[in-house]
Amino acid sequence: MPLPLASCNDVNVCVKHLFVKAYKFKLRPSKRVAHVFEQTLDVCRELYNAGLQERRDSWKLNKVSLNFHSQAIQLPAIKTVREDVDALYSQVPQDALRRVHKAFDAFFRRVKARQTAGFPRFKSKSRYDSFCYPQSGFKLIGDKLTLSKIGSVRLRLSRPCEGNIKTCTIKHEADGWYVVFTAETEAKPLPKLSAQVGIDVGLTNFATLSSGTEIDNPRFFRAAQATLAGAQRKVARRKKGGNQRRKAVQLLARVHQHVRAQRTDFHHKISRLLVNNHQLIAVEDLNVKGLASGVLAKAVTDAGWGYFLNMIAYKAEDAGRQFVKVDARGTSQTCICGAHTPKTLSQRWHKCDACGLSNSRDHVSAQVILQRAGGLPVETLTYRNTESVVSESPYL
Ligand SMILES: [Zn+2]
């Protein structure tokens, strides 16, 4: 998320525009370090669950709502009786308690907003998978990460980690340990362009652009789905509690992780192309949560639209581009001339009686979206050259 330090409109003058970027790298811990990681996770999870318990009891018995501070000041006393807590870098257990605090904050926010508010839950081993050095106690030199009270670990530095590293999180995933850094970097505005684009979320495609370019769902999505289904069936066939089932579950987790990585990679590439080639990027402000529970569920969740939009948003901010979310209502029921053009979901072609425009439904929707964002006038929209942004993408 961007952290604007100074408010100013001209990005060329405003050099102090800082961003928090996340970097994730695979770790190559020694056996000893991996063991310490596991122990640290266990202790943090225990603290998290204990913190949760204390808050629940305090609320149930005394109607007192505890805060982070009242829990964190108990840590020194805990350390005198628990060697394993004392063995941690001081900010690591604090961070576990801060997570309790955040869970309750989110809970109360949901209650206030009258949403379904699930009470914060205890975390099992599989649901507590990371611990964090929130400010200090870690150092990255080259590909060597040194963690206070743990030791050194090599990481696979797949890209340079730029900026001022603020937090360091160690995370356990299906195929091993990872580190996630958040770093403050300065925005790098790109040269201004005149090109603008509206994007329509796809049902049959991944997305359609106002230029007419259709971005297909990459082929590997379907292939991955078959692999996923296979792995899921395998889990279902195995007996509960058995060794074979445990192995099948591990395999399923690895497949899931692989699919996620492929999708993220695809989203990164497409969002990069869109941001590099357009000054204004307009999308529908879809309530993804609401939409995902309806008919479009599979299509929307599969395409991971929400994540994709976030990627465009931060890349656009970084590059000094304009990212606009417009009212999503009726984008497929309107013509760019303004006439009302009702369609059912299965009607894939747009034909306007008022102006005579005949075009694919998604293409027109993308143009309406761009129009609503204050983009190009009608004539430019309709006859715009459909230079393909997508042809540069290796996937399509
Ligand atoms: Zn029309």
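Analyst: Helices (H or I, at least four residues) and strands (E, at least two) are DSSP runs, numbered from the N terminus. By this rule the protein has 12 helices and 15 strands. The model is a predicted one, in which local features need pLDDT of at least 70 and side-chain atom pairs count only at pLDDT 80 or more, while totals for chains, interfaces and linings use all residues. Residues are numbered from 1 along each chain as its sequence is written.

The part requested is an open sheet of 5 strands with mixed pairing, in the order β11-β10-β9-β12-β13. Two strands pair if DSSP finds at least two bridges between them. At the edges stand β11 (214-215) and β13 (322-326); each has a single partner strand, so one side of each is left without a neighbour in the sheet. Strand β10 (residues 207-209) runs antiparallel to β11, and 2 bridges join them. Within this pair, Ala-207 stands opposite Ile-215 in β11.

Helix α11 (residues 361-372) packs on the sheet, where it touches β9 (196-201), β10, β12 (280-284) and β13. Two residues are in contact if their C-beta atoms, placed from the backbone, lie within 7 Å. The direction of α11 makes about 125 degrees with that of β9; axes are lines fitted to C-alpha atoms, for helices over the stretch in contact, and angles run from 0 to 180 degrees between N-to-C directions.

A residue is buried if 20 or more other C-beta atoms lie within 10 Å of its own, exposed if 12 or fewer, and partly exposed in between, with C-beta atoms placed from the backbone. Glu-214 counts as buried because 21 other C-beta atoms lie within 10 Å. Leaving aside residues up to four places away in sequence, Glu-214 touches Asn-205 and Thr-208. The C-alpha atoms of Glu-214 and Asp-362 are separated by 8.9 Å, although these residues are 148 residues apart along the chain.

The wider protein gives the setting. Of its 396 residues, 26% count as buried. Among its contacts with a separation of 6 or more, 65% join residues 24 or more positions apart.

Finally, confidence is expressed as pLDDT, the predictor's confidence in each residue, from 0 to 100. The protein averages a pLDDT of 83, and 86% of the residues score at least 70.
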